[in-house]
Amino acid sequence: NVGGGLDAQTATQDIVSAMKAFDIQAEDSMKIVDRLNEVGNNYAASSEQLGEILQKSSSTLAVSGDSLDQVVAMGAAMNTILQDASTTGSTLKVLSLRLRGAKTDLIDAGEETETMASSTSKLREKIMALTNTTGKGGFDIMVNDKEFKTTYDIMKGISSEWTKMSNVDQAALLELIAGKNRAQGAAALIKNFAIAEDALQSSLNSEGSALKENETYMKGINGQLEVLKSKWQEIWDNE
């Protein structure tokens, strides 16, 4: 009844995928529905598209420390430009893997690794150098020498320096963090990160969104017909 008419089987797969990735218990599964519904209603990524994005990226991004809200937000922002949930989900996954130097996982996924940094320290140094627009050292992708920032926080930090970077440095950074094949998606997220920030707030404040929309649906003609259909089915089943 909510989420743009997504079929029950696909919706269930989306929810279960997110539950497993973010360790969400069954009794809390409405949190997922609320987020997909609210963000899907307000941004250029439908509930169905957001669900597909989660299926393709959530397990990898969850390991990277990203929350469900952050993944939904980045998916909404990137898909605003790409309008392709499959590509958006795969690009988010690749971004997370490349930022953490997971070369083996990228190869297993059939992704190119030619432009990857040779080590975490090299990646850290290169990103700091490319984003050093003020001469104060650039953006650091690490919390400390052993801990990465979340993918969301890294992309937010890069986006804050993006417009001050030269075209050459922008191109070099995209190849470094996303590879040639995923550079367009990474650029879409960076350039539209304000959308991700807005979508994050929508996701965080989405509690009750799906139930409220469902109540509105049930008060309408289609909802009343569903109730009538259920009543007739109950009568026939009890005959």
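Visitor: Why is Ser46 called partly exposed?

Guide: Its relative accessible area is 30%. Buried means under 20%, exposed means over 50% and partly exposed is what falls in between, with a 1.4 Å probe and protein chains only, so 30% makes Ser46 partly exposed. By the way, this is a predicted model: local features need pLDDT of at least 70, side-chain atom pairs need 80 or more, and totals for chains, interfaces and linings use all residues. Residues are numbered from 1 along each chain as its sequence is written, and side-chain values use heavy atoms, with hydrogens and water left out.

Visitor: Where is Ser46 found?

Guide: Look in the loop between helix 2 (30-42) and helix 3 (47-63). Helices here are DSSP runs of H or I with at least four residues, strands are runs of E with at least two, and both are numbered from the N terminus. The protein comes to 13 helices and two strands. Asn79 is 33 residues from Ser46 along the chain, with 9.5 Å between their C-alpha atoms.

Visitor: What makes Met142 buried?

Guide: Met142 has a relative accessible area of 4%, and the cut-off for buried is under 20%, so the label holds. Met142 is found in strand 1 (residues 142-144). Leaving out neighbours within four places in sequence, Met142 is in contact (heavy atoms within 4.5 Å) with Thr120, Arg124, Glu147, Phe148 and Lys149. Of the whole protein's 239 residues, 46% count as buried.

Visitor: And Asp23, is that one buried or exposed?

Guide: Exposed: Asp23 has 61% relative accessibility, which is over the 50% mark. Asp23 sits in the loop between helix 1 (8-22) and helix 2. Its phi is near 55°, a positive value in a residue other than glycine. Most residues other than glycine have a negative phi.

Visitor: Why is helix 8 called roughly perpendicular to helix 10?

Guide: Helix 8 (residues 151-162) and helix 10 (residues 183-191) pack at about 75°, with axes 8 Å apart. Axes are lines fitted to C-alpha atoms, for helices over the stretch in contact, and angles run from 0 to 180 degrees between N-to-C directions. Under 35 degrees is roughly parallel, over 145 roughly antiparallel, 65 to 115 roughly perpendicular and the rest oblique. That makes this pair roughly perpendicular. On the helix 8 side the contact is made by Met155, Ile158, Ser159 and Trp162, and on the helix 10 side by Ala186, Leu189, Ile190 and Lys191.

Visitor: What makes the link between the side chains of Thr115 and Arg98 a polar contact?

Guide: The distance is 2.7 Å. A polar contact is a pair of N or O atoms within 3.5 Å; within protein, one must be able to donate a hydrogen and the other to accept it, and residues adjacent in sequence count only if both atoms are side-chain atoms. The 2.7 Å pair is inside that limit. A polar side-chain atom of Thr115 also lies 2.7 Å from the backbone oxygen of Glu175. Thr115 has its place in the loop between helix 6 (103-108) and helix 7 (120-130).
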